[in-house]
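Thanks for coming. I will take one structure and go through a few of its features in turn.

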Amino acid sequence: MTSFDSPPQLDQAGVWRMLLALAVVFVMLATTGWTAVRAHRSPSPLEASLSAWEHGRIGGHRLPDPGAGPVPLARFFASLTDRRRTELVHRYPLAVGNMNGAPPELRYRANRVALGRARAVERELVHDKRLSPAGQHEAARRLHRFTDLMARDRQILAFDPNGSGRVAEVFGDLSAAERVSVVVPGVDTDVLTFQRTQRRYAAPVGMARALYGAERAADPSTRTAVIAWADYTAPSGLGMDAATAMRAEEGAARLDSLVGALPGRSPVALYCHSYGSVVCGVAARGLPSRVTDIAVAGSPGMRAERVAHLDTPARVWAMRDADDWIQDVPYLEVGGLGHGADPVSAAFGARVLSARDARGHAGYFEPGTDSLRNFAQIGVGAYRAVSCAREDGVCQQGLTDATTGGHA
């Protein structure tokens, strides 16, 4: 169970005390010169793979700059024979597996190789007597997770074993999809919490699988793909990182890069849960126009006071279950702390959806809920089929159902 799964034991006054304490720490950091000194460290496996790529050659020619952008990189990979592409997969698996611009199918192959190598490292650590029992147990958990992710039917779009780990997985055919959905999770998301056996729909894999199934049920004729996107370093617990936008800013840059490199021109919808809605709010103004919808659930705020301040042409949807404890967190932003206005408030201006039966903060993707049904209707462009939070149907005003590949 993660920190955001259950309500913290704080009343309204307790929340204010927590924010004031954080503000004191924030001021100390800003005014006393108390800073962390970054020690010299070895490059991460992904950094090492990218560095090797930058110095590599194939067929006597230098490899392109990995930061050149998705269009030139896509052109480079398209120019290669399958033998050359396979060679790059095995020489630079982490670089290729995380390279925006590489074909999705090639990234899946590369990440399977990278996962195999990461699994071998963890297998050694499990039996390393220099580690504490807790360290060996952690290695065993990562070994089990990497083995799961290597299953033949899994399509791993991004993978980084460094630290707590980052990962993204695709459900459906991303290259042929007529509509694409991206699930952006919140606090305490990493490679170990990417999927769960218990409370499965509170983890990114369960969320994305449920959404993919609901979209197929809502409109079997529309080809959809859903990405479980845990490819940013999420805050750990309800500390300073969760109260500020620091992690969201880094995550927003990564989200912008992902969406900008998706194949084809199909419309994209973002589903942003909890702190993930902060990421989406920060990312909004930099997203390409193919992002037609941003839906937030259980949001602590989007770093904006109203929809217009997000500076996006996308439709913005919001929902919150009546039992979600997030409603007790003050919706404000002071000195960088807090995330702004309540997205379900009338003043914010989002299209507010029903979340009936969502079961608290972590239950928005549970099958049988209004929240999941609404997400699915947005995902297939059936906007007139969504159910609003209020009976006046105001969330549907000005909308028509989308035709595949276009805006409503």
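Leaving aside its neighbours within four places in sequence, Asp231 is in contact with Ala158, Arg166, Val167, Ala168 and Arg254, where contact means heavy atoms within 4.5 Å. A word on the source: this is a predicted model, in which local features need pLDDT of at least 70 and side-chain atom pairs count only at pLDDT 80 or more, while totals for chains, interfaces and linings use all residues. Residues are numbered from 1 along each chain as its sequence is written, and side-chain values use heavy atoms, with hydrogens and water left out.

Where does Asp231 lie? Asp231 is in the loop between strand E6 (224–230) and helix H9 (240–243). Helices (H or I, at least four residues) and strands (E, at least two) are DSSP runs, numbered from the N terminus. Asp231 has a relative accessible area of 9%, so it is buried; buried means under 20% relative accessible area, exposed over 50%, and partly exposed in between, with a 1.4 Å probe and protein chains only. Its side chain makes a polar contact with the side chain of Arg166, at 3.4 Å. A polar contact is a pair of N or O atoms within 3.5 Å; within protein, one must be able to donate a hydrogen and the other to accept it, and residues adjacent in sequence count only if both atoms are side-chain atoms.

Next, the sheet. It is open, has eight strands in the order E3-E4-E6-E5-E7-E8-E9-E10, and its pairing is mixed. Strand E3 (155–160) and strand E10 (351–352) are at the edges, each with a single partner strand, so one side of each has no neighbour in the sheet. Two strands pair if DSSP finds at least two bridges between them. E3 and strand E4 (residues 166–172) run antiparallel and are joined by five bridges. Phe159 stands opposite Val167 in E4.

Last, the disulfides, each a pair of cysteine sulfur atoms within 2.5 Å. How many does the structure hold? There are two. One is formed by Cys272 and Cys280, with sulfur atoms 2.1 Å apart. The torsion about that S-S bond is about -90 degrees, so the disulfide is left-handed. Cys272 and Cys280 are buried. Another disulfide joins Cys388 to Cys395, S to S 1.9 Å. The link of Cys388 and Cys395 is left-handed, with -85 degrees about the S-S bond, and both cysteines are buried. With the bonded cysteines numbered in sequence order, the pairing is 1-2, 3-4.
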